[in-house]
Amino acid sequence: MSYDLEIRLAAFNWLNEQIQMHGDVLSRKILRKGFLYKGTRIPLVSPQGIFKPKEMKLPLTITTTTSGPYNDSFDNQDFLLYKYRGKDPNHRDNVGLRKVKEKDLPLIYFHGIVPGKYLAVFPVFIVGDDQKSLTFTVAADDQYVLDQPQNMVAENSEARRAYITSTVKRRLHQQGFRERVLAAYQSHCAFCNLKHPELLDAAHIIPDNEPQGTPTVDNGIALCKIHHSAFDQFIIGVTPDFEIKVRRDLLEEIDGPMLRYGFQELHDQKLLLPKSKNVWPDQERLEWRYGKFLNR
């Protein structure tokens, strides 16, 4: 196995460890620091979107930032369209990705969710190269094998890769929604004020399968996992005036301290709103949702 490929595998394993510890979204600080491989530190990001650590011959990662100069997007098959660096197809970074494609080597893709935070997608493969539009086509994969004579070889199924990449697209939208909502609420539950991000979700007011269920902050509320579940199940509702209401049967039930402090004492309390009114929950959406709560 080549030294280049060894580093790629080590990067995958290290990222899996970081995701287990920190969740799907990783900070740029963690990625910039990178990991130690045989006594050498290997960073995973740099100011350039196409990044090759000095210890490697070909690029290891590609990155899309929230405020970058390139308009990366998805095509009608849900493959990622990743822009060249600059306008010269023969820039060394573009040539490097072209060689990655020729060798069918895996890469890591970092998608900026909010400033300084990234969703890591790996392995991804360069599956297209359009010099006229200065664009690479990138597909996500979920498998690779090491028992082939040509080092690492992905089972090449365009339909499977298209499906996997489409699930990545959904993850990007979901994680982006979560991070924006939690940032607006300064990472606390709007019901109980719990302040541990790993225990918080972004709850949709109108579900995302409804026409008005857009992934915008005003259609979300930061809730801890137990209150998110209760909100989704219409055990707890929120009025258009931001008052919390608990379902009548739970108010009358007699049980332990969790029911009393976790639910009953929330009744008639005000939602803990973000400081900026621009990201407060949309009152028309709350009215729609509260109507569903009352009819349960």
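Reader: Leaving aside neighbours within four places in sequence, what is Y37 in contact with?

Author: Y37 is in contact with Y3, E6, I7, A10 and I42, contact being heavy atoms within 4.5 Å. This is a predicted model, where local features need pLDDT of at least 70, side-chain atom pairs count only at pLDDT 80 or more, and totals for chains, interfaces and linings use all residues. Residues are numbered from 1 along each chain as its sequence is written, and side-chain values use heavy atoms, with hydrogens and water left out.

Reader: Which side chain has a polar contact with Y37?

Author: The side chain of E6, at 2.5 Å. A polar contact is a pair of N or O atoms within 3.5 Å; within protein, one must be able to donate a hydrogen and the other to accept it, and residues adjacent in sequence count only if both atoms are side-chain atoms.

Reader: Is Y37 buried or exposed?

Author: Buried, with a relative accessible area of 11%. Buried means under 20% relative accessible area, with a 1.4 Å probe and protein chains only.

Reader: Changing topic, which residues of α3 are buried?

Author: D93, N94, G96, L97, R98 and V100. Helix α3 covers residues 92-103; helices are DSSP runs of H or I, at least four residues, and strands are runs of E, at least two, numbered from the N terminus.

Reader: What covers those buried residues?

Author: The cover includes α1 (3-22), β8 (107-114) and β9 (117-130).

Reader: And what follows α3?

Author: D104, whose phi is positive, near 55°.

How values were computed: Buried means under 20% relative accessible area, exposed over 50%, partly exposed in between (1.4 Å probe, protein chains only). The expected span of a helix is 1.5 Å times one less than its number of residues.
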